Amino acid sequence: GRYNIDFKWPTGPSRFVSIDPEIGTVAKGQELVMNLVFSPTNEVTLDNHRCVCRITNGHTYVLQLCGTGGQPHLDFSFRSFDFGSCFLKTATPYQATLVITNRDENDIAFDVPWENKDHLEVSAGASVLQKGERKEVVITFMPKDII
């Protein structure tokens, strides 16, 4: 266009839908990528959910969203793990293996947003598990000091 365009996405009635950025400006002659995210935390259905984009001194645009979603059915072999009493600075680190199994009817993509530390490493990254597939995640504990 010939002018900057200011926009706003007023928040709608669903806590499962978000748009980023919600407020902003598209500079003259430029494009802006917006992310529409549907992130249900339980079984939920969107039936003509309205998302409205208002352009300052301009048009209003309405998106009608439909969809269903829910939590993926992943099984974890444990949800917490205690390495117990450990010797400091041993040659052999302590390890535990977490098994993640896809019990869903669909493939599930997941990520483990963990940044390894000097004393704790997690051997997992972004993965896709097919129905019934499992992944072993090795957790390595290397105590350096008493905590």
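Which strand does G24 lie in? G24 sits in strand β3, residues 23-26. Strands here are DSSP runs of E with at least two residues, numbered from the N terminus. This is a predicted model, where local features need pLDDT of at least 70 and side-chain atom pairs count only at pLDDT 80 or more, while totals for chains, interfaces and linings use all residues. Residues are numbered from 1 along each chain as its sequence is written, and side-chain values use heavy atoms, with hydrogens and water left out.

Let's stay with G24 for a moment. Leaving out residues up to four places away in sequence, G24 touches I5, D6 and F7; contact means heavy atoms within 4.5 Å. G24 and F7 are 17 residues apart along the chain, and their C-alpha atoms are separated by 5.6 Å.

**How the strands pair up**

Two strands count as a pair if DSSP finds at least two bridges between them.

| Strands | Sense | Bridges |
|---|---|---|
| β1 (residues 5-8) and β5 (residues 44-55) | antiparallel | two |
| β5 and β6 (residues 60-69) | antiparallel | nine |
| β7 and β8 | antiparallel | three |
| β8 and β12 | antiparallel | eight |

Now for some individual partners. K8 stands opposite R54 in β5, and C53 has Y61 in β6 as its bridge partner. β5 and β6 make a hairpin with four residues between them, and N57 in that turn has a positive phi of about 55°.

**A look at T101**

T101 belongs to strand β8. Is T101 buried or exposed? T101 is buried, because its relative accessible area is 8%, and buried means under 20% (1.4 Å probe, protein chains only). Not counting residues up to four places away in sequence, T101 touches H73, L74, D75, G132, E133 and R134.

**The nonpolar cores**

In soluble globular proteins, nonpolar side chains tend to be buried together. A nonpolar core is a set of buried Ala, Val, Leu, Ile, Met, Phe, Trp, Tyr and Cys residues joined through side-chain atoms within 4.5 Å. The largest one here has eleven residues: L74, L98, I100, I108, F110, L120, V122, L129, V137, I139 and F141. Elements giving two or more residues to this core are β8, β9 (108-110), β10 and β12, and β12 gives the most, with three residues. Another core lies apart from it, with nine residues, among them F7, V26, L46 and L65.

**The largest pocket**

A pocket is an open set of points on a 1 Å grid where a 1.4 Å probe fits, with protein on both sides within 12 Å along at least five of seven lines; lining residues have an atom within 4 Å of a point. The largest pocket holds about 260 Å³ of space. Its lining is made of 15 residues, and L98, I100, V112, V122 and V137 lie nearest its centre. Elements that give two or more residues to that lining are β7 (74-76), β8 (94-102), β10 (120-122) and β12 (134-141). By type, the lining has 14 nonpolar residues, no polar ones and one charged. In that count Ala, Val, Leu, Ile, Met, Phe, Trp, Tyr, Cys and Pro are nonpolar, Asp, Glu, Lys and Arg are charged, and the others, Gly among them, are polar.

Notes: Points joined across faces, edges and corners; volume = space filled by probe spheres on them. Buried < 20%, exposed > 50% of the residue type's maximum accessible area, 1.4 Å probe, protein only.
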